[in-house]
Amino acid sequence: MYALPVILLTRLHQYAIDARRKNRTWHYFAWSGVAALIATVMFLLATTLVALLFYAKLWWLAIAMIGLLLLPIVGPTLVRHVLVPLGAYRLAYYLGWACRPGKDPTAYGLVAAAWAQAVKPIGAGEAWVALRRDKRIPLGDAEVIATALLAASRGDAATARLLMRSAHMLVEIHPMVRELAGEWLACDAAERGAWSEIAEDAEAARWPATPLTYFLEGVAARRLGSASAPSRRELWARWLLAPHRRHTNELRDAATPTSSETPAAHEAQTNSVDAPPPDRAPLPRAIAAHLAFSTSAPSLISLGTTVRAWDAALSDGATHGWLGRRALELDAPLGAVDRALREIATVVTDQLARIADGAQLGAPMSHGPIGDGLARRLRHGRLDNLEAGFTRWRDRQHDGEHHAAIDEWREFIALQTAYTAAITAGGAELRRLAFPHAYSTGTHMAAWLWNTRSEYALSHAISKWLLDEALAVGDTEAIELGHRNCDLYVPTRNDK
Amino acid sequence: MDTPLYVGIDLGTTNSAAAVFDGERVSVIRNAQGATVTPSVVRIDKQGRITVGTRARRFLEQDSANTAAEFKRLMGTGKAIEFPANSSAKKPEELSAEVLKALRQDITDQLGVQIERAVISVPALFELPQSAATSEAARLAGFSRVELLQEPIASALAAGWRADDDGGGTWLVFDLGGGTFDASLLETRDGLLRVVGHDGDNFLGGRDFDWTITEHLASQLSVVPRRNNPEHAAALRALRLAAEDAKIELSRGDRAQVTLAQPLSIDGQDVDVDLELTRATVERLCTPLVDRALDVCLRLLSGNGLGPGRLAKLVLVGGPTVMPMVRQRVAARLESTIAEGHDPMTLVAQGAALYAATASLDGRAASVAVPAGRQVWLQYPAVSADLTPHVVGKFVGDDPPAKIKLVRNDGAWSSTEATVGPDGTFLTTVTLLPRRASTFEIEARAKGGELVAVTPSQLTIVQGLTIGDPPLSRTLGVALANGHVQVYLERGAPLPARRTFTHHTIETVAKGSSDSVLRIPIVQGELSQAELCRLVGTLDIGGDVVKDTVPTGSAVEVTIELDRGGRLSARALIPAIGQVFEHVAHLLVPDASPEVLDAAIRDLRRQLMDLRSDAFRHQLGHVIEKLDRIEARLSEAERDIDAAHGGDADAAQRARRALLDVDATMAEADLSRKWPELDQNARHVAISASSTVGEHGTDAERALLQEVLSAMEKARREKDAAELERQMRLASRLSRAAFHRTSEAWEYYFEDAASEISKMKDLPKAQQLVTEGKAARAAGNTPELRRVVNALWQLLPEDSEARKKGFDSGVR
Amino acid sequence: MLEDNPFFVLGLPADTSRIEIEREAQKLLGMLELGFADTKTYQTPLGARPRTPELVRAAVAALRDPYRRLIAELWARHAPAPTTAERATDPAEPSHPGLRRSLGWGP
Ligand SMILES: Nc1ncnc2c1ncn2[C@@H]1O[C@H](COP(=O)(O)OP(=O)(O)OP(=O)(O)O)[C@@H](O)[C@H]1O
Ligand SMILES: [Mg+2]
């Protein structure tokens with residue numbers, strides 16, 4: 001008799017939360033309100049019922065009722081505000097499982113445990129969580145996100161970031177888990193001041209938004225001065241909805257300045273290179289331009305300026321004259337001048353290549369010995385490294401040396417990251433050259449992961465990526481195969 | 001304070017010597033027999049008694065099985081030398097340790113002090129394992145600390161020390177020893193000695209003289225013994241010893257008699273030996289060998305932009321340079337005069353002793369002095385070319401004296417009063433007496449002006465030639481996955497040295513998986529291709545020790561450190577997981593068994609044939625020339641391998657080296673050959689892609705191909721092989737995609753795959769597929785045929801790409 | 001080339017004589033060994049860098065070789081003057097340090 005309204009209310013609550021996750025408009029507040037309302041009703045109902053049962057001395061039933069009625073509603077709050085701060089990973093795991101969000105409750109439990117571990121790292125906790133993760137085959141988003149949190153618990157934020165982001169490529173979707181990934185990424189980006197990352201994620205609605213994410217997205221949009229930025233009042237509302245208000249009010253205030261100045265100016269990077277005074281000779285000018293990279297972020301323009309400065313300096317008569325005279329005075333061996341010029345060209349090209357690689361810049365359009373050398377270095381260096389990495393991955397598999405699924409995934413995302421970095425810097429031309437090799441290894445590995453390892457989600461993600469790349473470079477054959485592979489049905493835990 | 005004692009030891013292949021320097025004079029140590037050199041020969045008899053030196057050398061003939069010589073050449077190989085009488089085996093470093101012990105005892109006998117620290121000279125081209133083995137020998141001999149110094153630097157230091165003219169200029173040290181030849185170009189300027197260049201032949205020396213003479217003598221016997229026959233080894237050994245004695249005799253006399261007390265037994269026959277040898281004969285036989293050394297010298301000179309006749313000084317070192325013929329020929333061909341007055345047999349040891357002073361390596365055990373007064377730490381050069389060097393010091397403890405002054409012992413000079421800082425530090429300058437030792441008393445005064453007693457109370461500085469830090473003899477680096485070498489320490493880098501570089505991994509090290517290992521190979525050599533360098537150690541990071549999985553592309557900071565004793569250490573830090581790995585597996589000089597060498601030479605011969613026919617086909621004149629030179633070296637190596645079969649371990653090592661060299665030259669030739677082949681391939685690919693894509697390609701593909709073709713043209717013009725290969729791959733893909741649109745393509749692939757059915761993994765399934773395929777072909781069902789072909793391909797085994805070139809390196 | 005330029009490591013102008021270089025290096029090595037505070041860093045146009053005995057040794061060895069001295073001079077003579085000023089703040093520095101932690105994501 002009681003069961004029906006309870007099930008109905010739980011469903012309704014779930015529905016409201018799910019609806020909220022899909023939204024980033026005023027509906028967000030509406031659904032939040034609905035969810036809160038239902039939660040209150042449920043809470044009142046449950047407390048009355050429990051009180052009644054206690055009164056009837058049926059206290060064991062009362063306890064069961066608490067579990068049944070209240071956990072789905074207060075469970076996640078308990079996890080977030082009590083168990084995680086305590087670092088109680090085991091309890092978080094079981095409670096997370098017990099509040100039964102969706103078809104695969106363990107997924108949330110696993111991430112809750114990893115989260116607790118991330119907040120209060122305990123030596124044994126990592127192994128405990130990893131063991132539970134490795135038992136879950138095939139791999140899905142929860143396992144990847146849990147691994148990311150474990151990396152974060154070790155203070156390795158870079159790895160955590162990469163892994164979190166990689167979860168987006170997987171077809172298995174646990175919204176409960178995904179929204180946590182989104183929140184972690186938003187908090188991490190806010191800490192680094194990388195507001196544009198948050199805005200971009202929000203724009204693409206990459207992750208379901210928790211109230212905290214939603215607030216940070218608002219801050220980001222306002223700081224960047226984007227058109228979709230929330231009003232002052234709306235930001236206040238988002239702030240009110242989100243937890244940890246004590247720590248976020250500073251962010252809110254910074255994003256809602258009372259004066260008329262826009263916070264957008266804050267973000268703008270100073271990208272100008274100190275222009276060397278024009279009266280200097282070519283060699284000092286080249287060295288000065290080179291040195292400027294240590295104080296300001298390199299850009300394609302400044303790289304081009306430096307390359308041209310070097311080409312001018314090394315062909316300059318004054319440089320040759322100085323070298324010749326000094327070589328004579330120092331009694332340097334015959335041919336020292338030519339050797340010196342060659343050596344300097346090599347050193348300079350090396351350093352510029354490193355700078356360009358670090359900033360993911362392409363080769364500047366400049367034709368001179370240094371310009372050409374740099375272009376060749378960058379292109380081959382990047383392609384060689386990519387090919388070596390992909391080859392090694394496949395060789396290892398071929399040699400029968402298999403890693404745990406999560407490690408295979410990490411290898412793939414590392415390679416993919418390198419690939420993306422290389423093509424971002426090298427442009428469409430390099431992308432076309434890099435694709436065939438990545439493609440042949442990638443398809444091979446995707447097939448192996450699917451057929452032999454039953455890692456459907458991972459395999460699908462690789463195929464999907466390859467298809468996107470094939471579309472970008474217009475490789476008809478790869479596109480055809482890619483479509484066929486991606487159209488395969490991907491079994492996940494959410495099917496059951 | 002009594003005078004310091006700096007000890008230098010020349011641990012030679014044939015002879016060893018020791019010398020001491022007391023700050024004023026260098027003296028050579030004499031052994032119990034009164035000789036300045038001790039043969040590097042060790043004998044172990046049945047009772048396990050060990051004899052070293054001249055007394056052991058006598059047994060080389062009688063009891064050769066239990067008497068070891070020339071073990072220096074096997075240092076670092078880990079090869080044990082058997083002593084059957086005592087049924088024991090000793091490693092080369094243990095035998096060297098016996099020689100060192102004997103020399104150490106001689107020093108104690110002569111000077112009455114126990115020596116703990118010394119400088120030991122090593123050949124200029126010693127590799128790290130060999131140097132490390134030398135340090136180990138010293139440790140076994142009871143030395144607590146040694147530093148190693150290259151022999152030519154020692155010779156130059158000794159020769160330059162006594163030279164009264166400090167004119168400077170370039171000089172050549174010509175060191176022809178028992179088995180190695182070293183030519184070093186040095187320069188002195190302002191009292192500083194610097195190595196300008198070095199060359200040499202690790203396998204040229206007095207013993208080669210001996211062998212040519214021995215062969216000459218053998219050819220005159222009634223039965224001729226052969227080197228590749230192990231049964232003739234004993235006879236040849238006896239003959240060789242006699243030949244050596246005769247050779248040494250002929251350095252003074254004009255003719256010598258080669259007579260053996262007992263007849264040789266060859267092939268069961270007794271052969272009497274009673275031959276006469278003239279100086280002229282020996283000179284005729286040995287001239288080609290001397291010329292070989294001279295060729296090396298001329299190459300070295302021209303490599304440094306010097307012609308003959310431009311040398312300020314020419315120093316001859318080593319036993320064979322005693323021969324008048326050698327001296328005349330060297331002086332004539334290098335058009336320089338030989339510096340006289342140096343003992344070629346002990347010059348190296350003298351230089352090592354002088355260097356010990358530079359390195360402040362007092363040979364006596366550090367005595368625990370009872371501190372009387374204030375203790376002060378001093379830093380100053382024990383030997384200085386500079387007449388006015390700095391002295392830096394620091395008082396231990398609080399409340400240091402206020403002023404300090406140094407007074408020279410001869411009373412003719414004293415420093416200005418230097419102020420001592422509140423932290424006890426001070427800095428002052430002293431003035432030295434030229435070309436001798438100056439001792440200074442330390443006068444410290446407290447604030448009030450009263451004298452404060454300090455320990456030590458004086459310091460001594462010798463003014464003379466210095467060399468700074470000993471240089472690294474061979475470039476050291478890390479092999480990368482692409483087969484190149486990242487140089488860490490360049491040849492000539494001052495030791496000790498340390499360098500760090502950041503690499504990136506190219507494979508994942510999975511936590512907990514012992515299979516997955518990240519390998520960082522450390523190599524030594526002058527070539528930029530890793531496979532042509534020597535692997536001297538590896539630093540392995542296994543999945544079983546990492547705290548977390550280290551994915552591809554992770555940064556690894558590798559630090560390599562090398563001390564003056566040839567000890568290498570390396571450290572890798574992986575910042576992502578915050579872990580440091582330090583365990584370096586040190587490698588030995590690879591063993592050269594004759595069988596391995598046989599296999600290697602067969603392999604090289606085959607490669608040579610391939611290259612040759614290719615070179616002829618493409619008419620590459622310069623490549624053919626190079627190959628001819630390789631051919632000559634291979635024949636030489638073959639002779640050595642022959643001798644190796646006869647039990648000559650040294651010849652085996654020489655052959656191994658020669659084969660390595662050949663390998664390097666061959667790789668070069670291979671590169672210059674590859675281009676025409678690639679160029680031709682590129683042309684074919686371009687033609688076939690144009691026609692296929694033109695016929696079956698889409699518009700987009702045709703446009704793309706046009707771009708690729710022009711990129712290929714550009715790469716061909718610039719001779720950029722890597723670029724050409726990549727563009728070719730693109731062209732092939734385009735052409736394949738177009739080809740796949742035709743039905744013939746799949747029929748063709750089907751035929752092809754069906755013909756390889758025997759190699760397939762799952763035969764019944766393959767047969768089933770072939771049947772299906774045939775049906776599809778008959779029905780003209782291309783999509784179905786395509787499915788079958790794809791399924792068949794899955795069943796084919798595939799090749800894993802070879803990656804041995806970079807010693808399996810896991811970093812880039 | 002500039003960060004570990006021998007002249008900057010030794011803190012000497014590019015026209016220093018050989019003997020002067022040796023003397024200075026020997027002094028620096030002694031001072032480093034005894035832990036003199038003011039020798040622990042050297043100035044480059046890119047800011048101060050830590051000085052180690054290895055760097056000093058490598059610097060003298062380089063300046064003894066005329067060819068390598070030529071290269072070192074080329075850089076040292078044409079570069080802006082060395083400074084102790086540290087380079088501009090690292091762009092990677094977090095703008096809200098500890099935020100992630102206070103928002104409940106530790107550690
Ligand atoms: N007076 C001499 N005349 C000719 N040859 C001699 C004379 N004395 C020694 N030799 C030869 O010199 C060689 C040994 O030379 P030396 O002692 O310089 O070599 P080592 O220093 O032991 O060898 P290495 O320098 O290669 O380690 C032997 O082959 C010996 O026969
Ligand atoms: Mg010698």
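A polar contact here is a pair of N or O atoms within 3.5 Å; within protein, one of them has to be able to donate a hydrogen and the other to accept it. Keep that in mind for the first stop, and remember throughout that you are looking at a predicted model.

**Stop 1: chain C against chain B**

On the chain C side, select α2 (18–34) and α3 (53–64), each of which supplies at least two of the residues that touch chain B. Helix α2(C) gives the largest share of that side, with 10 residues. By type, the chain C side splits into nine charged, seven nonpolar and three polar residues.

Now widen the selection to both partners: 19 residues of chain C are in contact with 27 residues of chain B. Together the two chains bury about 2,200 Å², and carbon and sulfur atoms give 60% of that area.

For one to look at, pick C:Glu54 and B:Arg498, whose side chains meet in a salt bridge at 3.6 Å, N to O.

**Stop 2: chain A against chain C**

The area buried between chain A and chain C is about 3,700 Å², with 71% of it from carbon and sulfur atoms. Select A:Glu191, A:Leu291 and A:Trp322: in chain A these lose the most area to chain C, together 18% of what that side buries.

Next, zoom in on C:Glu73 and A:Arg326, where the side chains form a salt bridge at 2.5 Å, N to O. The count of salt bridges between chain A and chain C is two. Polar contacts link nine residue pairs between these chains, both partners at pLDDT 80 or more.

**Stop 3: a nonpolar patch on chain A**

Select A:Phe54, A:Leu58, A:Trp59, A:Trp60 and A:Ile63, which form a nonpolar patch with about 570 Å² of accessible area together. Which helix gives the most to this patch? Helix α3 (residues 59–86) of chain A does, with three residues. A:Ile63 lies in that helix.

**Stop 4**

Hide the side chains and follow the backbone of chain B. Most residues other than glycine have a negative phi, and most peptide bonds are trans.

- B:Thr455 to B:Pro456: this peptide bond is cis, with omega near -5 degrees. B:Pro456 sits in the loop between β28 (454–455) and β29 (458–463) of chain B.
- B:Leu495 to B:Pro496: another cis peptide bond, with omega about 0 degrees. Look for B:Pro496 in the loop between β31 (485–489) and β32 (497–504) of chain B.
- B:Glu70: phi is near 55 degrees, a positive value in a residue other than glycine. You'll find B:Glu70 in the loop between β7 (67–69) and β8 (81–83) of chain B.

Conventions:
Residues numbered from 1 in each chain as written. Chains lettered and ligands numbered in written order. Predicted model: local features only at pLDDT ≥ 70, side-chain atom pairs only at ≥ 80, totals over all residues. Heavy atoms only, no water. Contact = heavy atoms within 4.5 Å. Buried area = accessible area lost by both parts, 1.4 Å probe. Salt bridge = Lys/Arg side-chain N within 4 Å of Asp/Glu carboxyl O. Helix = DSSP H or I, 4+ residues; strand = E, 2+ residues; numbered from the N terminus. Nonpolar A, V, L, I, M, F, W, Y, C, P; charged D, E, K, R; others polar. Patch = residues over 30% accessible without salt bridge, like charges linked within 9 Å, V, L, I, M, F, W, Y side chains within 5 Å. Areas by Shrake-Rupley, 256 points an atom, 1.4 Å probe, with all protein chains shown as cover. Polar contact = N/O pair within 3.5 Å; in protein donor to acceptor, adjacent residues only side chain to side chain.
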